[in-house]
Amino acid sequence: MGKKILIVEDEAAIRRILAEPLVCAGYEVAEASDGPEGLEAFRRQEFDLILLDILLPGLDGYAVCGRIRQKSQVPIILLTALDTEDAQIRGFDKLADDYITKPFSIKLVLKRVEALLRRTSPEPAPDWIRCRELTLSETERRVTVSGNEVALTYLEFEILLLLLKNRGRVFTRDELLSLIWGYDFGGGEKGVNFHIMNLRRKLKADLIETVRGVGYKIAKEN
Ligand code: CA
């Protein structure tokens, strides 16, 4: 789903100049032609960003911006026609996130929109589990040691994940075996030892401890 952008601008030609490239760039665009209509659109649905003209009939851009800010932190870019408005705009930059002076190049508008959306809605961070120099992301199935990517087999990854998620707990070879048995038949205890040995070699870190006569664990960090 494309991000939703609301354009509040009274001149139809400018709305069109803005809307078409935004739609082409994959955004969903809604339009409003005056201040009250803009506020109405804002109340009706959620937007990821608002392009807001300042000189508008009904209610000007400053007023619209102020009312939106009472309820929402949605990113707002002000559109201004006059250089003389610059001073006012600067006084307003606490409420708006950015402003663009007309006449503008649509390339610039697209860049500003993109940059602002990136700044205000960062990609969700991967679910990194960290343990000393090692990081593991379950959703991305990636492991790094000291920042270097380590390629693990499916089972090696599963064993490491289990130990990491249960730091401090000792897993018997039987427990690990039942995990492994779900995937490969055979190998027995030697199979467990084999996978642990490979893991240790690949991780180049003595994270996985042997608990004599019981099994393996990754110690809790102090
Ligand atoms: Ca205008």
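Modeller: Helices (H or I, at least four residues) and strands (E, at least two) are DSSP runs, numbered from the N terminus. The model discussed here is predicted.

Biologist: Where does lysine 102 lie?

Modeller: Lysine 102 is buried, with a relative accessible area of 12%. Proline 103 is placed between strand E5 (98–101) and helix H5 (106–120). Lysine 102 also lies in the loop between E5 and H5.

Biologist: Which residues does lysine 102 touch, not counting those up to four places away in sequence?

Modeller: Alanine 81 is 21 residues from lysine 102 in sequence, yet their C-alpha atoms are 4.7 Å apart. With contact taken as heavy atoms within 4.5 Å, the residues touched by lysine 102 are Glu9, Ile14, Asp53, Leu79, Thr80 and Ala81.

Biologist: What is omega for the bond that joins lysine 102 and proline 103?

Modeller: Proline 103 sits in the E5 to H5 loop. The peptide bond between lysine 102 and proline 103 is cis, and its omega is about -5°.

Biologist: Is aspartate 53 buried or exposed?

Modeller: The cut-off for buried is under 20% relative accessible area. Aspartate 53 has 3%, so it counts as buried. For aspartate 53 the class is buried.

Biologist: How far does helix H8 (residues 188–203) reach from its first C-alpha to its last?

Modeller: H8 has 16 residues. At 1.5 Å a residue, 22 Å is expected, and the value in the model is close to that. The reach of H8 is 23 Å.

Biologist: Why can the buried residues of H8 be said to lie on the same side?

Modeller: The buried residues of H8 are Gly191, Val192, His195, Ile196, Asn198, Leu199 and Leu203. They lie on the same side of H8 because the arc they cover around the axis is only 160°.

Biologist: Which exposed residues does the face of H8 turned away from its buried side carry?

Modeller: An α-helix has 3.6 residues a turn, so residues three or four places apart point the same way. On the face of H8 opposite its buried side, the exposed residues are Lys190, Met197 and Arg201.

Biologist: Which element gives the largest share of the largest nonpolar core?

Modeller: This core has 28 residues, and those touching the most other members are Leu134, Leu136, Val143, Leu160, Leu164, Leu203 and Ile208. Two or more residues come from each of several elements, including strand E7 (134–137), strand E8 (142–145), helix H6 (154–165) and H8. The largest share is seven residues, and the element that gives it is H6.

Biologist: Which residues is leucine 203 in contact with, leaving aside its neighbours within four places in sequence?

Modeller: Leucine 203 is among the buried residues of H8. Beyond those sequence neighbours, leucine 203 is in contact with Leu134, Val143, Val145, Val150 and Leu160.

Biologist: What is phi of arginine 141, a residue other than glycine?

Modeller: Arginine 141 is in the loop between E7 and E8 and, at 36% relative accessibility, is partly exposed. Serine 146, in the loop between E8 and strand E9 (148–150), has a positive phi of about 50°. Lysine 204, which follows H8, has a positive phi near 50°. For arginine 141, phi is positive and near 50°.

Biologist: How many disulfides does a search of the whole structure find?

Modeller: Cysteine 24 is exposed at 72% relative accessibility, whereas cysteine 65 is buried at 0%. A disulfide needs two cysteine sulfur atoms within 2.5 Å. The number found in the whole structure is zero.

Biologist: What percentage of the residues of the protein count as buried?

Modeller: The protein has eight helices and 12 strands. Among contacts with a separation of 6 or more, 55% are between residues 24 or more positions apart. Of the 222 residues, the buried share is 41%.

How values were computed:
Residues numbered from 1 in each chain as written. Predicted model: local features only at pLDDT ≥ 70, side-chain atom pairs only at ≥ 80, totals over all residues. Heavy atoms only, no water. Buried < 20%, exposed > 50% of the residue type's maximum accessible area, 1.4 Å probe, protein only. Expected span 1.5 Å × (residues − 1). Arc of directions from axis to C-beta. Core = buried A, V, L, I, M, F, W, Y, C linked by side-chain atoms within 4.5 Å.
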